[in-house]
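Here are a few friendly notes to read alongside the structure. Take them one at a time and find each residue as you go.

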Amino acid sequence: MTYRRLKHSRNLFDQLSNLKFFNSSRSSISGLRNRSVQTRELVKEDVCYHKHIVSRHICFLKGSGIGVPASLRGVQSNAFRIHSRNLASVATVPSRNPSFAMISCDDISYFKKILGEKGVVQEELKLDDANTDWMRKYKGSSKLMLQPRSTHEVSEILNYCNSKCLAVVPQGGNTGLVGGSVPVHDEVIISVSSMNNILSFDKVSGVLVCEAGCILENLISFLDNEGYIMPLDLGAKGSCQIGGNVSTNAGGLRLIRYGSLHGSVLGLEVVLANGTVLDMLGTLRKDNTGYDLKHLFIGSEGSLGIVTKVSILTPPKLSSVNLAFLACEDYASCQKLLSEAKRKLGEILSAFEFLDVSAMDLVLKHLDGIRDPLPSSKHNFYIVIETTGSMESHDKEKLEAFLLSSMESGLLTDGVIAQDINQASSFWRIREGIPEALMKAGAVYKYDLSLPPEKMYDVVDEMRERLGTAANVVAYGHLGDGNLHLNISAREYDDSILSKIEPFVYEWTSKQRGSISAEHGLGLMKANKIHYSKSAETVQLMGAMKKLLDPNGILNPYKVLPTSISQSGVN
């Protein structure tokens with residue numbers, strides 16, 4: 001059989017029979033750490049990386065630092081339009097700040113002097129990519145992209161732009177979902193993609209120091225050869241860059257195990273709006289001297305400074321990896337399963353992801369080559385559990401004991417353990433392929449919410465009641481850290497649908513004291529909605545910090561903070 005299922009067994013099997021069943025069917029996938037190499041031969045027409053296999057026409061362009069727009073050449077779009085239809089779900093676009101200067105021939109000549117001809121991009125084709133986010137949801141009108149190769153060049157650029165009041169937008173892999181990495185109007189794009197050197201790695205401490213333009217997957221590959229891993233794992237790893245990851249405080253699949261970047265990042269080098277270089281590139285795990293300023297820039301989306309170098313603590317690569325694809329009858333069982341997994345799997349639990357039946361149906365319908373791991377029947381909820389440890393026999397025993405008890409208690413209705421690396425990759429393909437399936441299905445309204453786990457699915461149920469048959473409500477996410485990806489899929493964008501979603505989804509989240517942005521950031525899309533998650537006093541203090549570090553407001557304007565605050569007092 002392709003899959004060996006864990007039979008639901010409250011009474012059908014006693015514990016001994018269950019143990020024999022597991023012994024006959026289980027398979028450790030300790031070789032999973034090498035899956036980024038082994039899975040590349042699965043389908044020649046696909047681009048593969050790590051746990052994720054995506055079709056060429058929709059995947060992030062691996063290693064390009066550009067993203068999807070280049071693969072969608074020929075799709076014509078005006079500013080802030082998608083699929084040639086007016087996109088009702090985008091944020092209201094603020095008017096261009098008249099305080100900002102327009103780019104001139106003298107400006108371009110100066111930039112060519114410090115960067116050379118190759119570092120100053122004016123070609124329409126390249127600018128079209130850089131102006132457009134990967135979902136083709138947001139599009140600016142910048143006429144200039146700069147490609148510095150060093151911190152010194154970034155400093156010179158910002159010093160000049162600040163003196164001339166030229167607005168800029170920092171850009172990495174351009175894989176964001178809230179319009180934070182593309183211009184709103186004609187801001188100068190500063191791409192750090194050419195700053196992609198690994199500067200040092202300490203094999204004893206596991207501290208990696210690199211430039212901001214390093215692609216996440218390249219860092220993963222480098223560390224794999226050194227016997228370490230990145231504490232961060234994203235579906236966009238083939239294009240996203242570490243500077244952008246830090247600037248958005250990206251979460252991903254491993255947060256339940258390794259925590260957020262606020263814990264992993266040990267130091268940063270940041271260039272302020274006036275060109276001042278802040279050297280905070282420490283490699284120490286303990287440094288209690290004064291204010292820990294690096295945390296200001298982690299998650300600030302380039303609005304306070306441009307990250308140019310990163311020092312990050314990386315965990316050792318462990319030899320035993322196991323993956324299970326499971327089914328639950330209801331969301332309450334998913335919650336209880338999470339509690340049991342934390343208690344019984346403990347230190348080896350490395351991922352706990354969930355998706356509902358709507359997400360599963362969407363993937364099976366729109367993605368080629370996907371098979372249902374549990375084909376005997378439909379289930380309301382699916383869970384992907386990954387364990388990572390150093391003792392294969394110990395890890396097996398813990399996982400088997402956990403699954404047996406969960407089956408016998410009725411928390412699980414079905415399940416399968418990956419038998420080999422290809423099957424493990426196919427499991428991850430289901431979970432990580434949901435965004436692609438949503439894009440293929442038509443229009444999609446995306447919301448990235450952080451909520452108490454017990455409340456996460458309540459908003460899904462309420463949204464389905466509000467929308468009825470007008471749209472398909474799809475839910476998945478990182479249940480292990482309370483992050484819900486709420487998606488409303490429809491044939492086309494419709495203001496009547498949007499009016500039933502917003503502001504309800506933000507108000508509901510605020511009442512639960514949740515966050516309207518768990519890991520995607522605020523960008524342009526949610527800048528004016530920050531008050532749903534932060535108090536007025538907190539937002540005012542953020543505005544004061546922005547004013548202190550960027551008095552002319554040139555860094556990524558119109559993003560993160562409400563326009564009324566971010567532009568107040570700008571010269």
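1. Start with a salt bridge, meaning a side-chain nitrogen of Lys or Arg within 4 Å of a carboxyl oxygen of Asp or Glu. The side chains of lysine 139 and aspartate 128 form one, at 2.5 Å from N to O. Lysine 139 sits in the loop between helix H4 (124-131) and strand E6 (145-146), and aspartate 128 in helix H4, so the pair ties together parts 11 residues apart in sequence. Helices (H or I, at least four residues) and strands (E, at least two) are DSSP runs, numbered from the N terminus.

2. Before going on, please note that this is a predicted model: local features need pLDDT of at least 70, side-chain atom pairs count only at pLDDT 80 or more, and totals for chains, interfaces and linings use all residues. Residues are numbered from 1 along each chain as its sequence is written, and side-chain values use heavy atoms, leaving out hydrogens and water.

3. Are the two partners buried or partly exposed? Buried means under 20% relative accessible area, exposed over 50%, and partly exposed in between (1.4 Å probe, protein chains only). Lysine 139 is buried at 15%, whereas aspartate 128 is partly exposed at 22%.

4. Lysine 309 has a salt bridge with glutamate 269, with their closest N and O atoms 3.0 Å apart. Lysine 309 belongs to strand E13 (residues 306-313) and glutamate 269 to strand E11 (residues 265-271), so this pair ties together parts 40 residues apart in sequence. Glutamate 269 is buried, at 9% relative accessibility.

5. Finally, Glu340, Arg343 and Lys344 are linked in a network of salt bridges. The count of salt bridges comes to 19.
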